[in-house]
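Please look at the sequence and the structure below before reading on.

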Amino acid sequence: MISVTRLNGRSMLLNLLLIEQIEAHPDTTITLVSGKKIVVADSIETVGKNINQAMREIGLVGSYKQQRVDEE
């Protein structure tokens, strides 16, 4: 879950696994997989950072090591 702020100033928790896309036009609009749209006061960057952090906390974002490929 991530915390977002509605335009009326009230906070709510949103299940990040149900988010399909996020747009800024100019208000940040979150579209859920159900098609429901939620307009929030948070910036698109803030919502994205919160999603990435929450995914790391629950182990959905893996880390990888980039291997170096030497060309001859």
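**The hairpin of β1 and β2**

In the hairpin of β1 and β2, which has 5 residues between the strands, Gly9 takes a positive phi near 90°. This is a predicted model, in which local features need pLDDT of at least 70 and side-chain atom pairs count only at pLDDT 80 or more, while totals for chains, interfaces and linings use all residues. Residues are numbered from 1 along each chain as its sequence is written, and side-chain values use heavy atoms, with hydrogens and water left out. Helices (H or I, at least four residues) and strands (E, at least two) are DSSP runs, numbered from the N terminus.

- Strand β1 covers residues 2-5, and strand β2 covers residues 11-14.
- The two strands run antiparallel and are joined by 4 bridges; two strands count as paired if DSSP finds at least two bridges between them.
- Thr5 has Ser11 in β2 as its bridge partner.
- Buried means under 20% relative accessible area, exposed means over 50%, and partly exposed lies in between (1.4 Å probe, protein chains only).
- Leu13 is found in strand β2 and counts as exposed, because its relative accessibility is 56%.
- Leu13 and Ser3 are 10 residues apart in sequence, yet their C-alpha atoms are 4.5 Å apart in space.
- Apart from its neighbours within four places in sequence, Leu13 is in contact (heavy atoms within 4.5 Å) with Met1, Ile2 and Ser3.

**Overall plan**

- The protein has 1 helix and 5 strands, and the elements run β-β-β-β-β-α from the N terminus on.
- Of its 72 residues, 24% count as buried.
- Among contacts in the protein with a separation of 6 or more, 31% are between residues 24 or more positions apart.

**The three-stranded sheet**

- An open sheet of 3 strands has the order β3-β4-β5, and its pairing is antiparallel.
- β3 (19-24) and β5 stand at the edges with a single partner strand each, so one side of each is left without a neighbour in the sheet.
- On average, neighbouring strands of this sheet are turned by 20° against each other, direction ignored. Axes are lines fitted to C-alpha atoms, for helices over the stretch in contact, and angles run from 0 to 180 degrees between N-to-C directions.
- α1 packs on the sheet and touches β3, β4 and β5; its direction makes about 155° with that of β3.
- β3 is joined to β4 by 5 bridges, and Ile22 has Ile30 in β4 as its bridge partner.
- β4 and β5 pair over 4 bridges in the antiparallel sense, with Thr28 standing opposite Val40 in β5.
- The hairpin of β4 and β5 has 4 residues between the strands, and Gly35 in the turn has a positive phi of about 100°.
- In β5, Ile38 and Val40 form a covered face, while Lys37 and Val39 form an uncovered one.

- Thr29 lies in strand β4 and counts as buried, because its relative accessibility is 8%.
- Pro26 lies in the loop between β3 and β4 and is exposed, with a relative accessible area of 77%.
- The C-alpha atoms of Pro26 and Ser43 are separated by 9.4 Å, although these residues are 17 residues apart along the chain.

**The nonpolar core**

- In soluble globular proteins, nonpolar side chains tend to be buried together.
- The largest nonpolar core has 13 residues, and those with the most contacts inside it are Ile2, Val4, Leu14, Ile19, Ile30 and Val47. Such a core is a set of buried Ala, Val, Leu, Ile, Met, Phe, Trp, Tyr and Cys residues joined through side-chain atoms within 4.5 Å.
- At least two residues of this core come from each of β1, β2, β4 (28-32), β5 (37-40) and α1 (44-57).
- α1 supplies the largest share of this core, 3 residues.
- Leaving aside neighbours within four places in sequence, the contacts of Ile30 include Val4, Leu14, Ile19, Ile38 and Val47.
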